Amino acid sequence: MTKKILIVEDDTRLSNLIEETLQALDDIEVMSFTSGDATMNSLLAGEFQPDLAILDYELVGSQITGEELCVILRNSFPDLPIIMLSGRMEPQDISDLLRACASTFIQKPFSPRDLLERIEKLLKIF
């Protein structure tokens with residue numbers, strides 16, 4: 001069964017790297033956005049119901065931050081595994097984020113292998 005993965009990352013180079021990394025997995029469909037606003041529009045239109053989400057914490061230039069999007073996704077899809085990415089977070093912020101909505105957190109920069117391992121683990125659990 002095809003798994004749908006949502007990527008929301010404002011850095012298109014990193015988003016492309018994540019998409020390329022996901023090609024190593026079988027039966028994956030990816031929908032990628034560079035802003036929380038476009039993501040919300042797509043989700044509200046019912047265009048895509050993800051099995052896993054990978055979100056950038058900050059989403060520069062977006063009216064909806066990654067943290068806000070994380071909370072919205074958690075409320076809309078309670079069992080959705082959510083991976084948050086960030087290069088600038090304090091340990092307490094990470095802890096709060098994990099309690100509020102994220103399933104796991106990955107510090108930028110990260111290795112594609114680490115990302116794949118986390119995705120595979122989360123998709124098996126949920």
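User: Which backbone nitrogen does a side-chain oxygen of Asp-11 reach at the start of H1?

Analyst: The model is a predicted one. In it, a side-chain oxygen of Asp-11 comes to within 2.9 Å of the backbone nitrogen of Arg-13, at the start of H1. A polar contact requires a pair of N or O atoms within 3.5 Å, and the pair of Asp-11 and Arg-13 lies within 2.9 Å, so the label applies.

User: What places the buried residues of H1 on the same side of the helix?

Analyst: Helix H1 covers residues 12-22, and its buried residues include Leu-14, Ser-15, Ile-18, Thr-21 and Leu-22. These residues span an arc of only 120 degrees around the axis, and therefore they lie on the same side of H1. Arg-13 and Glu-20 are exposed on the other side of H1.

User: How do you know that Cys-70 and Cys-101 form a disulfide?

Analyst: The criterion is a pair of cysteine sulfur atoms within 2.5 Å. The S to S value for Cys-70 and Cys-101 is 2.1 Å, so the pair qualifies as a disulfide. By this rule the count is one disulfide. The link of Cys-70 and Cys-101 is right-handed, with 120 degrees about the S-S bond.

User: What makes this a link between distant parts of the chain?

Analyst: Cys-70 and Cys-101 are 31 residues apart. Cys-70 belongs to helix H3 (residues 66-76), whereas Cys-101 is in the loop between helix H4 (91-100) and strand S5 (104-107).

User: Are Cys-70 and Cys-101 buried or exposed?

Analyst: Both values are set against the limit for buried, under 20% relative accessible area. Cys-70 has 0% and is therefore buried. Cys-101 has 2% relative accessibility, so the residue counts as buried.

User: Why are strands S2 and S5 said to stand at the edges?

Analyst: The five strands form an open sheet with parallel pairing, in the order S2-S1-S3-S4-S5. Strand S2 (28-33) and S5 each have a single partner strand, so one side of each has no neighbour in the sheet. The twist from one strand to the next averages 20 degrees.

User: Which residues touch the most other members of the largest nonpolar core?

Analyst: They are Leu-55, Leu-69, Leu-73, Ile-82 and Met-84, in a core of 24 residues. At least two residues of this core come from each of S1, helix H2 (36-44), strand S3 (52-56), H3, strand S4 (82-86) and H4. The largest share is that of H3, which supplies three residues.

User: Why is Thr-104 called buried?

Analyst: Thr-104, which lies in strand S5, has a relative accessible area of 16%. The limit is under 20%, so Thr-104 is buried. Its side chain makes a polar contact of 2.8 Å with the side chain of Arg-118.

User: What can be said of Ser-86 on the same criterion?

Analyst: Ser-86 is in strand S4. At 2% relative accessibility, Ser-86 counts as buried. A polar atom of the Ser-86 side chain lies 3.1 Å from the backbone nitrogen of Arg-88.

User: Why is Asp-27 called partly exposed, and where is Asp-27 placed?

Analyst: Partly exposed covers values between the 20% limit for buried and the 50% limit for exposed. Asp-27 has a relative accessible area of 48%, and is therefore partly exposed. Asp-27 is in the loop between H1 and S2.

User: Which kind of peptide bond, cis or trans, runs from Lys-108 to Pro-109?

Analyst: Most peptide bonds are trans. The bond from Lys-108 to Pro-109 is cis, with omega near -10 degrees. Pro-109 is in the loop between S5 and helix H5 (112-125).

Technical notes: Residues are numbered from 1 along each chain as its sequence is written. This is a predicted model: local features need pLDDT of at least 70, side-chain atom pairs count only at pLDDT 80 or more; totals for chains, interfaces and linings use all residues. Side-chain values use heavy atoms; hydrogens and water are left out. Buried means under 20% relative accessible area, exposed over 50%, partly exposed in between (1.4 Å probe, protein chains only). Helices (H or I, at least four residues) and strands (E, at least two) are DSSP runs, numbered from the N terminus. The arc is that of the directions from the helix axis to the C-beta atoms. A polar contact is a pair of N or O atoms within 3.5 Å; within protein, one must be able to donate a hydrogen and the other to accept it, and residues adjacent in sequence count only if both atoms are side-chain atoms. Two strands pair if DSSP finds at least two bridges between them. Axes are lines fitted to C-alpha atoms, for helices over the stretch in contact, and angles run from 0 to 180 degrees between N-to-C directions. A nonpolar core is a set of buried Ala, Val, Leu, Ile, Met, Phe, Trp, Tyr and Cys residues joined through side-chain atoms within 4.5 Å.
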